[in-house]
Amino acid sequence: MADMLADGAAMVADSISDHVSQTVTYRRDTREITGLKAARGRPVQELDTQFGVLRIVSTPWFIKPSLLVYLAETWTPQKNDLIVESNGAEWQVLPTDQEAELVLGSFGELWRLETKRVTVND
Amino acid sequence: MAKAVIVTLADEVAAELTAKSGGWAESFEAERKYQPKLDFEDTDMLHVQVFPAATRNIGADSRASWLHEYDIDVLIHYRASAKAASQATEKFDNLQLLVEQIGDHYKTRRATVSDCYLSTSSVGADSGLPYIHSAIETQNQFVSGVRLTFRKSRST
């Protein structure tokens, strides 16, 4: 019998990737994956007040692991990777309370990346 | 227009730091703020912010005057690029030197600013940390500061 939960998770991941994502560039050092489909979660404004007031816009991004491939190499998201939107806004993968993890139940259908905005759109 | 002593102090510290900017480990223009506030996106360049942090009346100085203390904080923020990230050692070394230089500048000169004399200065973050370690880890960012405490005897 088919694993209905796994099939459902895969269907949700496909829907997110196909219908609510945008095309971005995923950059690591000098290498980049262009034309990548990634869905942006809800941006949240944080205030870091430990030394002055630092206003940070954080947001999760969702990417299918099967799309995160540079040449033939499958990438695991890392701290300091950059997601670049078509309007130039850059989001940097930085550890917040959560580092990149595979989500959608235990089926690992999507990467959830915690990012901070480091460049606003032009 | 007359200004409060602590505001005048913050203004003069910011102006003095900027005027000597060429002599520091890193060039900057200090900004005097009421509240030290930055957007994360803007911290990819060095920011030095000066602001009034605290004021205290610490007791009678004579039968006719009171002794007041004024804390002026100098905050330093810089975020390394994604490429350099937390390994931006050379830049962070320069910033740590800058923090030390600012502290030394006031300690050695015992500056008299706005008719106030420097009482103490402390360098770095709270608890004796030279910078905020967690900011390096989570934000690729060097964050530190100098607190200057001035004293002034006032008749009111």
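Here is a short chat about a predicted model with chains A and B.

Colleague: Where do chain A and chain B touch, and how many residues does the contact take from each?
Modeller: The contact takes 22 residues from chain A and 28 residues from chain B. About 2,100 Å² is buried between the two chains, and carbon and sulfur atoms give 53% of that. On the chain A side, A:F51, A:L54 and A:R55 lose the most area to chain B, together 34% of what that side buries.

Colleague: How many salt bridges are there between chain A and chain B?
Modeller: The count is 3. One salt bridge joins the side chains of A:K79 and B:E137, at 3.8 Å from N to O. There are also 11 residue pairs in polar contact across the interface.

Colleague: Which element gives the most to the side of chain A that touches chain B?
Modeller: That's β4(A), with 5 residues. That side of chain A divides into 10 nonpolar, 6 polar and 6 charged residues.

Colleague: Switching topic, how many residues are in the largest nonpolar core?
Modeller: It has 34 residues, and B:V13, B:L17, B:V50, B:V74 and B:I102 have the most contacts inside it. The largest share, 8 residues, comes from α1(B).

Colleague: What is B:L17 in contact with, leaving aside neighbours within four places in sequence?
Modeller: Its contacts include B:W24, B:F28, B:V50 and B:Y106. There's also a second, separate core of 17 residues, with A:V24 and A:Y70 among them.

How values were computed:
Residues numbered from 1 in each chain as written. Chains lettered and ligands numbered in written order. Predicted model: local features only at pLDDT ≥ 70, side-chain atom pairs only at ≥ 80, totals over all residues. Heavy atoms only, no water. Core = buried A, V, L, I, M, F, W, Y, C linked by side-chain atoms within 4.5 Å. Buried < 20%, exposed > 50% of the residue type's maximum accessible area, 1.4 Å probe, protein only. Helix = DSSP H or I, 4+ residues; strand = E, 2+ residues; numbered from the N terminus. Contact = heavy atoms within 4.5 Å. Buried area = accessible area lost by both parts, 1.4 Å probe. Salt bridge = Lys/Arg side-chain N within 4 Å of Asp/Glu carboxyl O. Polar contact = N/O pair within 3.5 Å; in protein donor to acceptor, adjacent residues only side chain to side chain. Nonpolar A, V, L, I, M, F, W, Y, C, P; charged D, E, K, R; others polar.
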